[in-house]
Amino acid sequence: MNILFVCLGNICRSPVAEGILRQICEQNQLHWHIDSAGLSDWHKGENPDARSIHNARKNGTDISSIISRPLLEDDFDKFDEILLMDRQNLKEIQRFHSFVPHAHKVRLAGTYLHVTNPPEVPDPYYGDEQDFQKVYDLLFTIAQAMVSSAIGRK
């Protein structure tokens, strides 16, 4: 399984999702390829936001080595699922030329929790420590649901 998490800048939400899912897959001996990207290239080459690194580490997940990168057209071919954090991200990804033939791969990450009314993962960038923790908790729950779903299909 090849999973790509996408948020706006690839420094808060998507690297946390990547780190959490990698950790859970490792614990469950699942050999998935997991990555993250941003809809913008504002933070290309940077590590995640220091607050995301701190909060993830506090929760036992190390994301400090993840490097921000923008979403690329060929990512649509490389990944089985492209999971977005919020509806605005879902709207923005549609500007990519490769979106239309691969639209079936693209959805909100929250669909793993509720198919018809998926929760959005809010951007904590302008928030406080509690906002970063809420994002971590939601992404952890989503990652657990993803792995449970995959294990259940075996």
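**Helix 2 and its surroundings**

Author: At the start of helix 2, the backbone nitrogen of Arg51 has a side-chain oxygen of Asp49 within 2.8 Å. The model is a predicted one, and this holds for every value that follows. Within helix 2, the residues Ser52, Ile53, Asn55 and Ala56 are buried. After helix 2 comes Gly60, which has a positive phi, near 90°.

The largest nonpolar core of the model contains 31 residues, and Phe5, Leu21, Trp32, Met85, Leu139, Ile142 and Met146 have the most contacts inside it. At least two residues of this core come from each of strand 1 (2–7), helix 1 (13–27), helix 2 (50–58) and helix 5. Helix 5 supplies the largest share, 10 residues.

Leaving out residues up to four places away in sequence, Phe5 touches Ser14, Ala17, Glu18, Leu21, Ile34, Asp35, Ser36, Ala37, Leu83, Met85 and Met146.

Phe140 counts as partly exposed because its relative accessibility is 30%, a value between the limits of 20% for buried and 50% for exposed. When neighbours within four places in sequence are set aside, Phe140 is in contact with Ile20 and Ile24. The C-alpha atom of Phe140 is separated by 16 Å from that of Val6, and these two residues are 134 residues apart along the chain.

The cysteines can be treated together. A search of the whole structure for disulfides finds 0. Cys12 takes part in no disulfide, and the nearest cysteine sulfur, belonging to Cys7, is 6.9 Å away, whereas the cut-off for a disulfide is 2.5 Å. Cys12 has a relative accessible area of 4% and is therefore buried. Cys25 is likewise in no disulfide; the nearest cysteine sulfur to Cys25 is that of Cys7, 19 Å away. With a relative accessibility of 2%, Cys25 also counts as buried.

It remains to set these parts within the chain. Its secondary structure consists of 5 helices and 4 strands, which follow one another along the sequence in the pattern β-α-β-α-α-β-α-β-α. The chain has a radius of gyration of 14 Å, close to the 15 Å given by the globule rule for 154 residues, so the chain is as compact as a globular protein of that length. Taken along the principal axes, the C-alpha atoms fill a box of roughly 40 × 40 × 30 Å.

Of the 154 residues in the chain, 52% are buried. Among contacts between residues at least 6 apart in sequence, 72% join residues at least 24 apart.

Notes:
Residues numbered from 1 in each chain as written. Predicted model: local features only at pLDDT ≥ 70, side-chain atom pairs only at ≥ 80, totals over all residues. Heavy atoms only, no water. Buried < 20%, exposed > 50% of the residue type's maximum accessible area, 1.4 Å probe, protein only. Contact = heavy atoms within 4.5 Å. Core = buried A, V, L, I, M, F, W, Y, C linked by side-chain atoms within 4.5 Å. Polar contact = N/O pair within 3.5 Å; in protein donor to acceptor, adjacent residues only side chain to side chain. Rg over C-alpha atoms; globule rule 2.2 N^0.38 Å.
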